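Hello,

Here is the structure I promised to pass on. Please have a look, and my notes follow below.

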Amino acid sequence: MEISQIFIILTPIFFVILLGYLAGYFKKFDATTSKGLNTLVTKFALPAHLFVGITTTSKQTLIEKWPFLLALVLGIIGFYVLFLLVAKYVFKYSLTGASMFSLNSTQPTFAFMGIPVLGSLFGADVVAIPIAITGIVVNAMLDPLATIIGTVGQRERSEGDSEESLFKVTIKSILHGLSEPLACVPLIAVILVLCGFQAPDLLSSSLDQIGSITSGAALFAVGVTIGIRKIQFSPAAFGIAILKVAIQPLLMLGIATAMGLSSADIVKLVLLVAFPGSAVAAMISVRFDSLAGETASAFVLSAIMSLVTLPLLISWLM
């Protein structure tokens with residue numbers, strides 16, 4: 001694809017992000033209102049959009065996507081485990097710190113940039129399933145795993161914690177991940193389609209009333225989140241950002257190519273993990289009080305770097 005075409009596709013996307021950034025920077029939004037905007041996108045608009053996209057897809061098409069799911073598990077969960085070990089044993093982070101470092105190096109902001117970017121390249125009706133699969137992997141697998149390992153690290157430094165309490169944390173983390181709309185709604189939709197359900201036009205039209213705002217609201221929310229945060233230029237922040245937007249996409253390219261996936265699926269997989277780091281992952285770091293400043297800064301830095309890396313990847317792959 002020519003640079004001029006990529007420029008035409010990405011300019012409106014980054015323009016809306018810029019508007020959100022200015023709104024956040026000039027205090028038109030604060031942390032509370034930004035959270036409300038994020039909630040609108042992640043718990044209502046995007047789940048509705050994904051539900052329609054999945055339940056208007058044939059059962060056979062869905063079954064044929066299992067290699068895509070496997071590639072995402074290897075490229076996201078595998079990447080997390082790899083850099084967890086590197087951060088722990090090479091860079092000597094605590095177990096909790098290593099988990100937060102790896103989580104923020106791995107989790108993409110797919111929920112906000114997936115529909116507008118991939119939709120512009122492939123069509124909005126084609127990308128609902130890949131994004132839904134990513135939501136299941138991230139929310140039902142990656143976040144619970146990182147939370148469990150982070151909790152184990154905290155318990156290693158404290159006394160009087162039983163195995164039962166850790167077991168409860170594990171179950172709670174998994175259930176919490178599955179309760180997230182970006183995990184449970186696509187999962188329910190997949191089960192319904194496999195059972196032969198197809199969404200009637202009335203249901204699709206009703207859900208589209210909220211789902212249709214996903215692209216603009218999501219991009220604006222990314223900009224606001226960046227605008228209200230301060231950047232901390234630390235080696236850890238830069239390391240997380242580079243791993244996120246450069247190293248992980250290259251790893252995913254190798255995995256998808258080795259699996260023999262189609263060129264279209266390879267592009268979708270690479271771009272899904274090439275998006276900037278996730279604000280959700282940064283918030284998990286804050287909850288554990290581990291690398292909170294570094295991960296928040298890495299989110300901003302990765303978003304800035306993606307202005308360069310995304311066009312380069314699209315130009316290279318398409």
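Let me start with glycine 260, which comes after helix H12 and has a positive phi, near 75 degrees. Helices here are DSSP runs of H or I with at least four residues, numbered from the N terminus. Before I go on, some ground rules: this is a predicted model, in which local features need pLDDT of at least 70 and side-chain atom pairs count only at pLDDT 80 or more, while totals for chains, interfaces and linings use all residues. Residues are numbered from 1 along each chain as its sequence is written, and side-chain values use heavy atoms, with hydrogens and water left out.

Back to H12 itself. The helix covers residues 235-258, 24 residues in total, and spans 32 Å from its first C-alpha to its last, close to the 34 Å expected at 1.5 Å a residue (that is, 1.5 Å times one less than the number of residues). At leucine 243, H12 bends by about 40 degrees, taken as the angle between axes fitted to the seven residues ending there and the seven starting there.

The largest nonpolar core has 89 residues, and Leu72, Ile76, Met113, Leu269 and Leu271 touch the most other members. A core of this kind is a set of buried Ala, Val, Leu, Ile, Met, Phe, Trp, Tyr and Cys residues joined through side-chain atoms within 4.5 Å; buried means under 20% relative accessible area, exposed over 50%, and partly exposed in between, with a 1.4 Å probe and protein chains only. Leucine 271 has contacts (heavy atoms within 4.5 Å) that include Leu118, Leu121 and Ile314.

Threonine 134 belongs to helix H7, residues 124-156. This threonine is buried, at 1% relative accessible area, and among its contacts are Leu72, Ile76 and Phe110.

Finally, how many salt bridges does a search of the whole structure find? The search finds two, where a salt bridge is a side-chain nitrogen of Lys or Arg within 4 Å of a carboxyl oxygen of Asp or Glu.

- Glutamate 180 pairs with lysine 43, with the closest N and O atoms 3.1 Å apart. Glutamate 180 lies in the loop between H8 and H9 and lysine 43 in H2, 137 residues apart. Lysine 43 is partly exposed, at 33%.
- Lysine 65 pairs with aspartate 265 at 3.0 Å, N to O. The two are 200 residues apart, lysine 65 in the loop between H3 and H4 and aspartate 265 in H13. Lysine 65 is buried at 16%, and aspartate 265 is buried at 13%.

Best wishes

Definitions and conventions
Lists of a residue's contacts leave out its neighbours within four places in sequence.
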